[in-house]
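Please look over the model below.

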Amino acid sequence: MRWTAPPERREIVLILVSVTAYLLAYNIETSLSYVGIDPVAAQGAVFRRIGLGKTKVLGRDGRKPSGWRDRLELEIFGSWGWDENHIAGDGDERRQPKGTGRHGAQWIERRDARALDSRRFGEDTVNDSFKPWKDDIPLVNVVKHVPGYTILDNVIIHNGTVFLVTEDKTSLPPIKSIVETTGSGHDQWQVVTKTEALNQVGKYGGFISGVSWMSLNDRSSNTTLVDLWRVYSSLDHQIDAQGHTNLPPPRRLIFPRLPYFSDPDPEDAAQEPERPRTDTGLDHFLLKAAFPQLDVQYRQDWQDYHKMSVPFVFERLVISDRTAAAQSVNDGQPANSPPFALEASRHWWEPVRRTLVSYFDRLGDEASDADGSNSGFWGRSKSKKVIAFIDNQSDSTKSGKSAMIPEDYDWLARSLRKLGRDNGYEVHVISTNSGGTTWEEKMDVIVRSTIVVGVHGDHLFDAMWMRPSSKATLMELFPQGTFSGDRELVMRALGLNYLAWWTDEHFSGESLPAPTKDSNQPVHVNVDKVINEIHAILSRKDGQ
């Protein structure tokens with residue numbers, strides 16, 4: 001037969017069988033999967049049969065093929081079954097409540113997790129702006145309460161009145177422990193039954209979703225932010241050192257008793273220059289940096305709600321009233337003490353502090369110092385320790401408030417700079433004068449500071465933003481024989497150190513003097529002793 005003769009049938013069959021075998025072998029994994037065989041397990045079995053006793057091959061479940069598993073493999077990973085896109089296990093292993101099992105971890109199947117996460121607190125759409133409740137009007141729920149600080153769900157406002165609707169009036173705390181001043185130009189607060197509420201507010205209303213904060217103070221307070229967060233953070237005891245929390249952020253902060261501007265409304269607003277905004281005790285920049293999503297509303301905004309014909313329901317309202325809180329504290333005790341008695345995580349402030357630190361892009365520095373990656377040859381951090389002297393000398397002298405004796409002031413400023421030069425510390429003198437240090441310059445220093453020092457006053461509340469450490473200390477300088485515990489309360493709650501100074505002696509902890517009335521007397525201080533104490537603190541080993 002010539003070589004150009006047509007192929008015979010057996011030759012055609014041989015060619016087809018060879019091509020088929022080649023294709024199957026070339027795509028062995030797909031081929032085995034098609035007939036229901038695990039290709040990795042099959043590969044393992046083949047290798048084991050020909051005497052290759054070890055393999056680095058891992059299956060899609062992260063384990064060695066079944067033919068290669070030994071006792072150690074089974075001890076570490078177990079012998080459970082696994083389906084793709086499902087938690088491993090053959091039954092009960094697919095879910096476990098928190099606090100049970102070998103490590104106390106919690107897990108749940110994906111389909112169940114989706115159902116649980118279908119709607120989180122405060123999430124809604126534009127379709128949820130107004131809700132009919134007919135006869136089933138929302139009932140108030142007391143989530144948390146101490147005198148002057150309360151978290152309530154389903155608070156209804158309408159026509160100049162705040163309604164707390166309940167079927168059991170005795171289940172609510174006294175109104176006076178929630179809000180002290182009502183009527184006489186302020187809102188009325190009423191506890192009413194469902195029937196009474198339906199007669200006054202109707203059967204539908206607007207829905208203000210999410211978490212709202214409300215400060216009922218009628219004057220500025222530098223602790224409004226920390227007070228509100230302190231009571232709110234008591235709802236999450238699992239906040240960790242990295243500031244992780246499950247609390248949704250507040251959407252609005254309302255000042256029902258403070259106008260937007262501090263001066264009277266002009267007759268012709270179009271001809272007025274830029275008007276001064278009301279001092280709430282909170283820097284406008286600070287709120288935007290620490291809570292970028294927070295909307296601030298004032299008396300005019302609050303009145304707008306009440307002028308409308310439809311009631312509005314706050315999904316959750318966190319309320320602060322220092323006047324109501326002051327009725328429950330002892331003489332000399334700070335009025336904002338009650339929320340700091342609530343149980344909370346020791347890291348309760350970290351979500352807020354770290355947000356502000358992120359604004360200044362300083363979290364990376366903190367992480368490097370914490371993990372030692374920023375350490376030198378001898379294990380010491382390369383970052384300089386920061387000392388902040390908050391200087392209110394000019395403002396206090398002009399306003400007649402307490403200021404340092406000029407000689408002490410000059411000597412302290414010079415001595416701090418010399419201390420920095422001699423020991424490699426970074427020293428900043430931060431002026432409270434509006435024409436001096438800008439807000440960004442000031443806070444960028446404070447969030448990095450280990451020591452904050454200054455004459456007593458509310459301007460020292462900025463020390464709450466210091467980086468927490470065993471050395472972080474606020475030094476507050478008082479006139480001899482006087483003391484206020486307002487700053488000490490906050491520092492202690494934050495886990496920061498606090499020293500009160502009288503001339504050449506300092507006090508802390510149980511040795512703090514009894515509170516006295518505010519004094520505008522001049523402050524005299526032994527500068528050398530202050531400098532020595534600062535150096536002693538910064539020279540200590542971490543943790544001491």
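**Basis**

This is a predicted model, in which local features need pLDDT of at least 70 and side-chain atom pairs count only at pLDDT 80 or more, while totals for chains, interfaces and linings use all residues. Residues are numbered from 1 along each chain as its sequence is written, and side-chain values use heavy atoms, with hydrogens and water left out.

**Whole chain**

The protein chain has 18 helices and 15 strands. Both are DSSP runs, numbered from the N terminus: helices are H or I with at least four residues, strands are E with at least two. Of its 544 residues, 42% count as buried. Buried means under 20% relative accessible area, exposed means over 50%, and partly exposed lies in between, with a 1.4 Å probe and protein chains only.

Contact means heavy atoms within 4.5 Å. Among contacts between residues at least 6 apart in sequence, 67% join residues at least 24 apart. The chain exposes about 30500 Å², and carbon and sulfur atoms supply 50% of that area. Accessible areas come from the Shrake-Rupley method with a 1.4 Å probe; for residues, only the protein chains shown count as cover.

Two strands pair if DSSP finds at least two bridges between them. Strand β3 (residues 149-158) runs antiparallel to β9, with 8 bridges joining them. Here I151 has V318 of β9 as its bridge partner.

Strand β6 (residues 204-215) runs parallel to β9, again with 8 bridges. In this pairing, I208 is the bridge partner of F314 in β9. Strand β6 also pairs with β7: 4 bridges join the two, which run parallel. V211 stands opposite P250 in β7. Strand β7 (residues 250-254) is largely enclosed by the rest of the structure, because 4 of its 5 residues are buried.

How many residues of helix α8 are buried? The count is 10 of 10 for this helix (residues 224-233), so α8 is largely enclosed by the rest of the structure. The buried residues include T224, D227, W229, R230 and Y232.

Helix α1 covers residues 9-26 and contains L23. L23 is partly exposed, at 47% relative accessibility. L23 also belongs to a nonpolar surface patch with I15, V19 and Y22; together they have about 410 Å² of accessible area. Patches are made of residues with over 30% relative accessible area and no salt bridge; like charges are joined within 9 Å, and nonpolar side chains (Val, Leu, Ile, Met, Phe, Trp, Tyr) within 5 Å. A salt bridge is a side-chain nitrogen of Lys or Arg within 4 Å of a carboxyl oxygen of Asp or Glu. An α-helix has 3.6 residues a turn, so residues three or four places apart point the same way.

**Positive phi**

| Residue | Phi | Relative accessibility |
|---|---|---|
| N159 | about 55 degrees | 59%, exposed |
| T503 | near 50 degrees | 18%, buried |

N159 sits in the loop between β3 and β4 (161-165). T503 lies in the loop between β14 (497-502) and β15 (505-507).

**Two polar side chains**

A polar contact is a pair of N or O atoms within 3.5 Å; within protein, one must be able to donate a hydrogen and the other to accept it, and residues adjacent in sequence count only if both atoms are side-chain atoms.

T166 is in the loop between β4 and α6 (175-178). Is T166 buried or exposed? T166 is buried, with a relative accessible area of 7%. Its side chain reaches the backbone nitrogen of D168 at 3.0 Å. Leaving aside neighbours within four places in sequence, T166 contacts several residues, among them L139, V140, V191 and V192.

R540 lies in the segment after α18 (527-539). R540 is partly exposed, with a relative accessible area of 28%. Its side chain reaches the backbone oxygen of S470 at 3.4 Å. Beyond neighbours within four places in sequence, R540 is in contact with S470, K471 and N497. R540 and K471 are 69 residues apart in sequence, yet 7.8 Å apart in space, C-alpha to C-alpha.
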